[in-house]
Amino acid sequence: MDMFGGNTAVGPVMEAYDPWEAAHEAGELDVDARTRFEESGARILTMLIRTGLYEDPFLDLERSKAVLGSTDKIEAASTAQADSVVMLKNTGDAVSCAAPVDYSDKTVYIPRTFDAGMATWFSPAVPTEGPVIDLELAEQYFGTVVTDEAELDDDGNVLGYTAPDLTDVDLVLVGMHSPNNGIYHTAPGYDTEAGHYYPISLQYRPYTADGVTPGLMVASPPTHTASPMTTGRA
């Protein structure tokens, strides 16, 4: 298998080269490391060059517009998606729907959230902010939807939020994202000062449940993938 990507340092490549060469010299492998690495490089470069980007870098705009997003391609994609759907039978009514509840006369509070973003090699950090759940969608089910008012500086950056009057609020809907431990090319889970990786946590910050009656805190079943959206909370 030839695989290239996700690595911009020569160190890991050389770490793979040395044991390969040692195994070849010991008679365990027929091909030496340099020859095998060159074979992989040739196959990878051949695959990239065959697209014609180097011989003819200029595309025919009209042909590209006719191919990209064309009706037949969209229909083929939709058919492929439909064919990949797996249908499950609800044998013995194993899963039953709860009785519908009318919230049309209820007032719901949906808070806003702010994410400072994270810089990568390709772009600076891009802050995002907004309600945690789509307000227009919520308005289809609730009589009144209220949210926070963002306090902005002269450049439009969020300084803080002011919550509305919650006196008459019947429900609070809070959507939560996973803690931002970093994305590709930001070394998530790597302690640069200590020089080693650490387990990435789903916890936002140290937390102690003060004032909670013992036994009320619950957690997701061990067979379920834990995440902020599924972990039980009191």
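**Reading aromatic pairs in a predicted model**

Mentor: Tyr 17, Trp 20 and Phe 37 form one aromatic cluster, and since this is a predicted model, the confidence values deserve a look alongside the geometry.

Trainee: How many aromatic pairs does the count come to, and what describes a pair of aromatic rings?

Mentor: A pair of aromatic rings is described by how far apart the centres are and by the angle of the planes. Here the count comes to three aromatic pairs. In one of them, the ring centres of Trp 20 and Phe 37 are 6.5 Å apart and the planes stand at 75 degrees, so this pair is edge-to-face. The pair links distant parts of the chain, for Trp 20 belongs to helix α1 (residues 10–25) and Phe 37 to helix α2 (residues 33–49), 17 residues apart.

Trainee: Which kind of pair do Tyr 103 and Phe 142 form, and where do the two residues lie?

Mentor: Tyr 103 and Phe 142 form a tilted pair, with 5.4 Å from centre to centre and 45 degrees between the planes. Tyr 103 is in the loop between α4 (71–83) and β1 (107–109), whereas Phe 142 is in the loop between α5 (135–139) and β4 (144–146), so the pair ties together parts that are 39 residues apart in sequence. Tyr 103 counts as partly exposed at 30% relative accessibility, while Phe 142, at 11%, counts as buried.

Trainee: Which residues make up the largest nonpolar core?

Mentor: Phe 142 is one of its six residues, together with Val 108, Ile 110, Val 132, Ala 138 and Val 145. Leaving aside residues up to four places away in sequence, Val 108 touches several residues, among them Phe 142, Val 145 and Leu 171.

Trainee: What span should α1 have?

Mentor: At 1.5 Å a residue, the 16 residues of α1 should span 22 Å, and the C-alpha atoms at its ends are 23 Å apart, which agrees. Helix α1 is followed by Gly 27, whose phi is positive, near 85 degrees.

Trainee: Where is confidence lowest and highest?

Mentor: The mean pLDDT of the protein is 79, with 79% of its residues reaching 70 or more. Strand β8 (residues 190–191) has the lowest confidence, at a mean of 76, and β4 the highest, at 96. Over residues 215–234 the pLDDT is below 50, and this stretch has 24 contacts in the model beyond near neighbours in sequence.

Note on methods
Residues are numbered from 1 along each chain as its sequence is written. This is a predicted model: local features need pLDDT of at least 70, side-chain atom pairs count only at pLDDT 80 or more; totals for chains, interfaces and linings use all residues. Side-chain values use heavy atoms; hydrogens and water are left out. Rings of Phe, Tyr and Trp (its six-membered ring) pair if their centres lie within 6.5 Å; planes under 30 degrees apart count as stacked, over 60 as edge-to-face and the rest as tilted. Helices (H or I, at least four residues) and strands (E, at least two) are DSSP runs, numbered from the N terminus. Buried means under 20% relative accessible area, exposed over 50%, partly exposed in between (1.4 Å probe, protein chains only). A nonpolar core is a set of buried Ala, Val, Leu, Ile, Met, Phe, Trp, Tyr and Cys residues joined through side-chain atoms within 4.5 Å. Contact means heavy atoms within 4.5 Å. The expected span of a helix is 1.5 Å times one less than its number of residues. pLDDT is the predictor's confidence in each residue, from 0 to 100.
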